[in-house]
Amino acid sequence: MERFRALVVLVSFYYFWSALLKHRTSFAGYDRTQMITYVLGMNVLRSIVFTTRTEEIASEINHGRLSSYLLKPVNFLLYTLFRDLSEKSINLVSSIMEVIGLILIFKIKLQWPQDVHTWLLFLASIAGATWLYFILSFMTGCWGFWTSESWGPRFLLELFLEFTAGVFFPLDVLPQLAQHIIKSFPSPYLLFFPLQIFLGKLNSTQIINGFLTQMFWILAISTMARKVWLKGMQNYSSVGS
């Protein structure tokens with residue numbers, strides 16, 4: 001059902017942008033091929049970056065199941081990461097099949113990077129985005145140390161991240177002021193930045209600045225997540241068998 005929901009969103013976006021660009025050569029600097037490539041690429045990247053099982057952390061803390069990991073020679077952060085990667089692999093295969101199906105049905109033409117250098121930068125940005133979202137989501141899961149009602153705040157955070165990451169539309173269709181505000185958050189480097197590299201819309205300086213900013217957020221949030229985890233462990237207690 002989760003993949004069905006993603007497919008409905010994907011088809012809706014495809015028809016929306018197709019209709020918008022039907023009688024236009026371009027919109028906000030995107031021609032039809034680039035915009036459809038962005039939409040289909042968004043579906044694949046979303047399955048890699050935004051797929052997570054860290055919402056289980058709060059439940060494991062609240063029900064005392066975290067103790068079983070702490071008593072074993074297991075790094076809980078790495079365990080959670082690989083649990084996430086298994087979930088991402090399933091969703092990645094599904095999203096690729098969905099995109100291939102749409103390409104064959106609608107005979108869609110995509111824009112692909114023209115050189116290996118761009119592909120390597122694109123893959124590096126995905127790796128950074130995946131870790132950035134994971135560690136941010138892991139820190140959110142640690143809210144379970146202080147409250148049993150972490151689902152609501154987490155839902156709002158994920159909705160905000162998707163909106164400001166460029167899931168619903170490319171961020172550069174917004175006014176300049178809105179773009180500057182959104183780019184002050186880490187979310188644009190989860191999806192929008194990798195897709196801009198893929199579409200060849202960034203020059204060398206912009207790519208370097210993008211990677212430096214992405215790395216800054218990775219280091220900053222990783223440090224915050226470690227502090228939250230250590231603080232939570234000081235408060236953690238488990239009662240029962």
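This is a predicted model: local features need pLDDT of at least 70, side-chain atom pairs count only at pLDDT 80 or more; totals for chains, interfaces and linings use all residues.
**Helix pair H1 and H2**

Helix H1 spans residues 2-20 and helix H2 spans residues 32-49; their axes lie 10 Å apart, at an angle of about 165°. Because angles over 145 degrees count as roughly antiparallel, H1 and H2 are described as roughly antiparallel to each other. H1 passes H2 in a right-handed crossing. On the H1 side, the contact is formed by Arg3, Ala6, Val9, Leu10, Phe13, Tyr14, Trp17 and Ser18. These residues meet Arg32, Met35, Ile36, Val39, Leu40, Met42, Asn43, Arg46 and Ser47 of H2. By class, the residues of this contact comprise eleven nonpolar, three polar and three charged.

**Helix pair H6 and H7**

Helix H6 covers residues 116-141, and its axis comes within 11 Å of that of H7, with a crossing of roughly 160°. H6 and H7 are therefore roughly antiparallel to each other, and their crossing is right-handed. Tyr133, Leu136, Ser137, Thr140 and Gly141 of H6 meet Arg154, Leu157, Glu158 and Leu161 of H7. The residues of this contact divide into four nonpolar, three polar and two charged.

**Threonine 51 and threonine 164**

Threonine 164 is located in helix H7, which runs over residues 151-165. Threonine 51, in turn, is found in the loop between H2 and helix H3 (55-62). The table gives the relative accessible area of each residue.

| Residue | Relative accessible area | State |
|---|---|---|
| Threonine 51 | 6% | buried |
| Threonine 164 | 2% | buried |

Since buried means under 20% relative accessible area, the value of 6% places threonine 51 in that class, and the value of 2% does so for threonine 164.

The side chain of threonine 51 has a polar atom 2.6 Å from the backbone oxygen of serine 47. For threonine 164, a polar atom of the side chain lies 2.8 Å from the backbone oxygen of phenylalanine 160.

Contacts beyond four places in sequence may also be listed. Threonine 51 is in contact with Arg46, Asp84, Glu87, Lys88 and Asn91, its neighbours within four places being left aside. Arg46 also belongs to the H2 side of the contact with H1. With neighbours within four places likewise excluded, threonine 164 is in contact with Leu171, Ile182, Ser187 and Pro188.

Definitions and conventions:
Residues are numbered from 1 along each chain as its sequence is written. Side-chain values use heavy atoms; hydrogens and water are left out. Axes are lines fitted to C-alpha atoms, for helices over the stretch in contact, and angles run from 0 to 180 degrees between N-to-C directions. Helices (H or I, at least four residues) and strands (E, at least two) are DSSP runs, numbered from the N terminus. Angles under 35 degrees count as roughly parallel, over 145 as roughly antiparallel, 65 to 115 as roughly perpendicular and the rest as oblique. A crossing is left-handed if the near helix is turned anticlockwise from the far one by less than a right angle, and right-handed if clockwise. Contact means heavy atoms within 4.5 Å. Ala, Val, Leu, Ile, Met, Phe, Trp, Tyr, Cys and Pro count as nonpolar, Asp, Glu, Lys and Arg as charged, and the others, Gly among them, as polar. Buried means under 20% relative accessible area, exposed over 50%, partly exposed in between (1.4 Å probe, protein chains only). A polar contact is a pair of N or O atoms within 3.5 Å; within protein, one must be able to donate a hydrogen and the other to accept it, and residues adjacent in sequence count only if both atoms are side-chain atoms.
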